[in-house]
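Let's take a walk through the open spaces of this protein. Have a look at the sequence and the structure first, and then we'll go pocket by pocket.

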Amino acid sequence: MQLSVIIPAAGFGKRMGDVKKPYLDLAGKPILAHTLMAFQRCSLVDEIVVVVAAGDERECVQNVIIPYGIDKARQVVAGGETRQWSVFNGLQNVSSDTDMVMVHDCARPFVTEDMIQNTVDAATECGAATVAVPVKDTIKEADDDSFVARTLDRQRLWSIQTPQTFRYDLLLRAHLQAREKNIQATDDASLIEELGGHQVKLVMGGYQNIKITTPDDLIVARVILESRRTV
């Protein structure tokens, strides 16, 4: 089985102050380097396609790929206007013999080998799988005037993370349909749902598998990283 990993890293961190989030420092390394090293170490991963902002290809190679020995990153390609378009660009650049494709947020540096393995196992069986965790908080749906419309059943709610893993042909069909019908989604599992006829399996993730989006997240990430070093 050929497993290709797509890392969309083309966006700007607006909630981080319009900076290039993949290159922000986290304990002496760019966030993107931490993320890529997790997949570099995993024996299941055959190749990595990094999708960066147009014009940043050289910076990514010189400041991340080469210094940190990410030799599985065989392609660094330009992204699109949205994350969805960037993933589609990544799909066009995976190896021709790819069977399974995994999509992972560049700003989730604490992905574990168990998460990678478990989503691959589930996607091999079901075609599509995503890491997720049960929500801890009570979730309420609001109406248009910001009044509570209803309280959702917390026991049935999950917070979706990445990695998300799919049969390559299935994810490609979902993206092609999205382009044809102008469907916009914030994750690839949603495009599989829109495709219909295929269920997405939820795989237990971890509460430390945070997405670094705000300055506060960066503080939490440093604490997580330090705690892992002392274990």
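Which helices each supply at least two residues of the lining of the second largest pocket? They are α1 (31-41), α4 (113-126) and α7 (215-230). Before going on, some ground rules: this is a predicted model, where local features need pLDDT of at least 70, side-chain atom pairs count only at pLDDT 80 or more, and totals for chains, interfaces and linings use all residues. Residues are numbered from 1 along each chain as its sequence is written, and side-chain values use heavy atoms, with hydrogens and water left out.

A pocket here is an open set of points on a 1 Å grid over the protein atoms alone, where a 1.4 Å probe fits, with protein on both sides within 12 Å along at least five of seven lines; lining residues have an atom within 4 Å of a point. Helices (H or I, at least four residues) and strands (E, at least two) are DSSP runs, numbered from the N terminus.

Back to that second largest pocket: its volume is about 250 Å³, the space filled by probe spheres set on grid points joined across faces, edges and corners. It has 15 lining residues, with His34, Ala38, Arg41, Pro109 and Val111 closest to the centre. α1 gives the largest share, 4 residues.

Now for the largest pocket, with about 690 Å³ of space. Its lining counts 30 residues, and Gly11, Phe12, Lys21, Arg83 and Lys211 sit nearest the centre. Two or more lining residues come from each of β1 (3-9), α3 (83-91) and β10 (158-167), and β10 makes the largest contribution, with 4 residues.
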